[in-house]
Amino acid sequence: MSDLDRVLVAGTGPTSVQLAVMLKGVLGAVVGIAGRESGRSGAFFSALAASGRVLRVDVQNEQHRAAAGTCEVDEVFRGYGSVAGPWSTLVLSVTADAYTHVLDRLDRRVLGGVRCVVLVSPTFGSSSLVRNRLRAVAPDAEVISLSSYLGGTRWHDGAPSHHVLTAAVKKRLYVGSSRGRSANLDLLCEAHRRLGVDMVVMGSPVEAETRNISLYVHPALFMNEISLDAVFAASGPVKYVYKLVPEGPITPALVNDIVSQWREVGEVVAKLGLEGVNLLRFMVEDSYPVREESISRDDVERFEELPPIHQDYLVYVRYASLLVDPFSEPDADGRYFDFSAVPLRPVFRDGEGRWDVPRMPKEDYYRTKVIQGVARHLGVGCPTIDKLLARYERALTGAARARAGQPLSEAFEVKDFREDLDMICEEIAVAR
């Protein structure tokens, strides 16, 4: 028997809209949506009320038609403290650094009735954190981690509303449950497969959490001088995340940081008795493919055995090969789609007038600090991770100092995330 009959989706972003439509349309679940009180969530709640609580998902490509649809939300809660149960499954569709915020604000009677918690965009250790947090109130609840969200979804008209556009659906996701195989896991996999996503079941939630490409590449891509200047100083022309210098931050040195950090994360994963990832295979099979003329199948399969300089070379070639979409159709001038033109977004003022840091790199700061903390707990050295975090924190401190006297969000604070780390490491110690 499945617990996906009454599902509460926590979060009011575009991903929550897509997930609600999927859960309602594919599984026929009773669906509620809850979110914190803020300027952005207020706009979402108002639009949802105006639509008669009807959510709508459109798709950009016809091949993803199965992800489109509408549904009427059964219950809506403005503020997590207002949630009333019962809800058998809780879907955490918020950033990983907000999991404890949500859990702490839900009524303990509601949380005590939850039998399954699904983590949509967790980072390494998120399932350990959530299990530890649930131990006192719902010790038998199943925790399921997805490697990441199922695709790319944004607001249809650029502002929070009841209407979103899913522009891409991933070919493959990894998933793991604290119960191994379960009815909840199988049903969740089936819902994703209906949308065209290949689901690979791992032995545990934390193993699925190691299969998020952002864990391996985002720290170096965002924690370098070029990206940090674009985010915090916003001086000069726009820079692009995935472009080579001078249009973006990618250099041989940055690629060396990516590969070095991959090795460090691999040591942490191995210490926990889990299987690591082949970085290049992960990039070209689970992320974005390149032409075989650029990177051969043999190079992909042998990547982990190659000398470090050869590994750096192949990862650099991978990024250079994706400056344009290599499988797009060229226009009349022979130009392919400018695939790498993803702008580095600068700091901005939020709905309350405070300066805030974009989700990238704010979310990457949390995920990288967690990896650093777990590595230290396990006695694993991580000099590359240490270097990247020190660089980010210097930029963060400088940016806060430059805006002294102006309202700043807590994203401008240097943090150790000690409470979360203590719970993660405690759970890791129990599991070992």
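Begin the tour by selecting D104, which is partly exposed at a relative accessible area of 44%, where buried means under 20% relative accessible area, exposed over 50% and partly exposed in between, computed with a 1.4 Å probe on protein chains only. D104 lies in helix α3, residues 99-105; helices here are DSSP runs of H or I with at least four residues, strands are runs of E with at least two, and both are numbered from the N terminus. The model is predicted, so that local features need pLDDT of at least 70 and side-chain atom pairs count only at pLDDT 80 or more, while totals for chains, interfaces and linings use all residues. Residues are numbered from 1 along each chain as its sequence is written, and side-chain values use heavy atoms, with hydrogens and water left out.

Next, colour the chain by domain, using 6-211 for domain 1 and 213-431 for domain 2, bounds that come from an automatic or database domain assignment. The C-alpha centres of the two domains lie 24 Å apart, and 23 residues of domain 1 are in contact with 28 residues of domain 2, contact meaning heavy atoms within 4.5 Å.

Then select H192, which is in helix α6 and is buried, with a relative accessible area of 1%.

Helix α1 gives the most to the lining, with three residues.

Finally, move to helix α15, residues 383-402, whose 20 residues reach 29 Å from first C-alpha to last, close to the 28 Å expected at 1.5 Å a residue. Among its buried residues are I385, L388, L389, Y392 and L396, and the buried residues of α15 pack against α8 (213-222), α9 (225-233), α10 (252-271) and α14 (359-378).

Key. Expected span 1.5 Å × (residues − 1).
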